[in-house]
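Take a look at the structure first, and then read on.

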Amino acid sequence: MSEQTIALVTGANKGIGYEIAAGLGALGWSVGVGARDEERREAAVEKLRAGGLDAFGVPLDVTDDASAAAAAALIEERAGHLDVLVNNAGVTGGMSQLPTTADLAAVRTAVETNVIGVIRVTNALLPLLRRSPSPRIVNVSSSVGSLALQTTPGAETGPISVAYAPSKTFLNAVTVQYAKELRDTNILINAGCPGFCATDLNGFRGHRTPEQGAAVAIRLATLPDDGPTGGFFEDAGVVPW
């Protein structure tokens, strides 16, 4: 069993997830690269290792119960505990997303991945997190899920979205509920917005780099024991609900 700090980042084979893994690895942590695609997952692990980081692959489809259980078993065997879980894997649900012409299958896919997938993976890994002296859970959200911003005239909230944006609102609400249930434990759970980053999720239209986007998740993953829980943050501070 390892006493090294162990983290798992879902959707870590590319983009913001990869940069989160790289940032946590740079702290001297051992980082699990969670991803569905074997080739991309192993390529990411090799790239991280080539940079001198301690990385290992974790086959993980967040929409599959058996896959989440297998990921937990892999980390159990490798380290016996988990210190940090970053729920980064997500999908947009495609475009366009006007409510009146919505593809309901796309809405279901967004919720299944961005919300239910987070619950599934979190619950599978929670027994290992409970063994950590300072466990942290970070849910990668988005300011487009802020109802306060969505209802503020002139606020930048992206295109009309009946799948992606509401899935992040749902994720934020789920984060609060976990914080309420876990308030008497040492587990801190928060949501973080990476900002509009250039990734394949948005056709590389973003104005921030994935490395910049990873910063908030890394900060929330390394909170002190008296840090916040049940919050929603970006680089500039608190994001309104």
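A cavity is a set of points, on a 1 Å grid over the protein atoms alone, where a 1.4 Å probe fits but cannot get out, and its lining residues have an atom within 4 Å of a point. Grid points are joined across faces, edges and corners, and a volume is the space filled by probe spheres set on the points. This is a predicted model, in which local features need pLDDT of at least 70, side-chain atom pairs count only at pLDDT 80 or more, and totals for chains, interfaces and linings use all residues. Residues are numbered from 1 along each chain as its sequence is written, and side-chain values use heavy atoms, with hydrogens and water left out.

The structure holds 1 cavity of 30 Å³ or more, and the largest cavity has a volume of about 30 Å³. Thr-10 is one of its lining residues, along with Asn-87 and Val-118, among others.

Thr-10 also has a bridge partner in strand E2, namely Gly-34. Strands here are DSSP runs (E, at least two residues), as are helices (H or I, at least four), numbered from the N terminus; two strands pair if DSSP finds at least two bridges between them.

| Strand pair | Sense | Bridges |
|---|---|---|
| E1 (residues 6-10) and E2 | parallel | 5 bridges |
| E2 and E3 (residues 54-59) | parallel | 6 bridges |

Within E2 (residues 30-35), 6 of 6 residues are buried, meaning under 20% relative accessible area with a 1.4 Å probe, protein chains only.

Definitions and conventions:
Buried < 20%, exposed > 50% of the residue type's maximum accessible area, 1.4 Å probe, protein only. 1 Å grid on protein atoms, 1.4 Å probe; cavity = no way out; pocket = protein on both sides within 12 Å on 5 of 7 lines; lining within 4 Å.
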